[in-house]
Amino acid sequence: MAISLIYYEPPRYKEQFEKETGSCPRHMLILLLEGSFSCRTQGTEYRAERGQVACFPPNVPFERKIEKPICYIQIGFYAAEGDPCAAALPAGLLSVDKDQVESIGRKIEHAPAFYEHLTSFLITQHYLNSSSSALQKQSSDREMECVISYFFEHMSEKINMEELAKTLHLSYTGFLWKFRRTMDCTPLEYLQHIRLQKAKQLLVEGDLRINEIASCCGYNSAYYFTNTFHKVYGISPKEFRIKNTQR
């Protein structure tokens, strides 16, 4: 996904927020490594604790207060307009693995590239882990919600769009029209997007070989997967892994 890093703060300790009420002109993430704080925003309240990531969307008012002294990482960024992963970001806690957040705190690098990758990784993980992303919630069309869930559950398999249309009792043309109207893209474009986002996650999280990642993400050819990845991101999967896993 495309983000523009505005600022980042390496781990620091704080007993009180400098800004307890207000809003941010850009997206902001707080990775909590120690302590806790409470926050009220958009009429709801939540409590952030160790290993969690809180998101503050642009221009959304908040009231927050530190309950136990915190150690945190703070990142400010702009996200590309229309990006589905960014669109799914809540005013609240991200759906990310606590152990991974704590591990990140032990592997901090003081370089913009590190924080750019970290931000993309957290946003992508939230998007993939959330059982009902903001886009799915926004959709009032139950049929398209089922299609999206099917894509996530079967992204490693070959998906026949014409057969999928039949299960919905739609013509193939009607299926394409309905999906585009709901999601503002074609089914194949959406499926490619979530497959490549999953691929990026696998490239930096583990040691699977490129052909294994290709298979996990629904590509029966490592060559085709590599070409598609390069065409979309301007870098090969191998180069992406090296760039984003160097310690």
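Modeller: One term before we start: a residue counts as buried under 20% relative accessible area, as exposed over 50%, and as partly exposed in between. Also keep in mind that this is a predicted model.
Biologist: Good to know. So is Gln42 buried or exposed?
Modeller: Gln42 has a relative accessible area of 60%, so it is exposed. You'll find Gln42 in the loop between strand S3 (27-41) and strand S4 (44-49).
Biologist: What about the phi of Gln42?
Modeller: That phi is positive, about 50 degrees, although Gln42 is not a glycine. Asn59 has a positive phi too, about 60 degrees, and is not a glycine either.
Biologist: Where is the place of Asn59?
Modeller: Asn59 sits in the loop between strand S5 (53-56) and strand S6 (62-79). Its relative accessibility is 57%, so Asn59 counts as exposed.
Biologist: Which residues line the largest cavity?
Modeller: Among them are Cys39, Tyr46, Cys55, Phe56 and Phe62. The lining divides into eight nonpolar residues, two polar and no charged. Strands S3 and S5 each supply at least two residues of that lining.
Biologist: Nice. What about pockets, how much space lies in the second largest pocket?
Modeller: About 440 Å³. The second largest pocket is lined by 15 residues, and Leu188, Leu191, Arg195, Gly218 and Tyr224 lie nearest its centre.
Biologist: Which helix gives the most to that lining?
Modeller: Helix H8 (residues 187-205), with five residues. By type, the lining of this pocket has five nonpolar, six polar and four charged residues.
Biologist: Now the rings. How many aromatic pairs does the structure hold?
Modeller: The structure holds 14 of them. One of these is Phe151 with Phe179, a tilted pair with 6.1 Å centre to centre and 50 degrees between the planes. This pair links distant parts of the chain, with Phe151 in helix H5 (residues 142-153) and Phe179 in helix H7 (residues 172-183), 28 residues apart.
Biologist: Are Phe151 and Phe179 buried or exposed?
Modeller: Both are buried. Tyr219 and Tyr224 are another pair: their ring centres are 5.8 Å apart and their planes are at 50 degrees, so this pair is tilted as well.
Biologist: Last topic, helix H3. How many residues has it, and how far does it reach?
Modeller: H3 (residues 112-129) has 18 residues and reaches 26 Å from its first C-alpha to its last, close to the 26 Å expected at 1.5 Å a residue.
Biologist: Why do you call H3 largely enclosed by the rest of the structure?
Modeller: Because 14 of the 18 residues of H3 are buried.

Note on methods: Residues are numbered from 1 along each chain as its sequence is written. This is a predicted model: local features need pLDDT of at least 70, side-chain atom pairs count only at pLDDT 80 or more; totals for chains, interfaces and linings use all residues. Side-chain values use heavy atoms; hydrogens and water are left out. On a 1 Å grid over the protein atoms alone, a cavity is a set of points where a 1.4 Å probe fits but cannot get out, and a pocket is an open set with protein on both sides within 12 Å along at least five of seven lines; lining residues have an atom within 4 Å of a point. Grid points are joined across faces, edges and corners, and a volume is the space filled by probe spheres set on the points. Helices (H or I, at least four residues) and strands (E, at least two) are DSSP runs, numbered from the N terminus. Ala, Val, Leu, Ile, Met, Phe, Trp, Tyr, Cys and Pro count as nonpolar, Asp, Glu, Lys and Arg as charged, and the others, Gly among them, as polar. The expected span of a helix is 1.5 Å times one less than its number of residues. Buried means under 20% relative accessible area, exposed over 50%, partly exposed in between (1.4 Å probe, protein chains only). Rings of Phe, Tyr and Trp (its six-membered ring) pair if their centres lie within 6.5 Å; planes under 30 degrees apart count as stacked, over 60 as edge-to-face and the rest as tilted.
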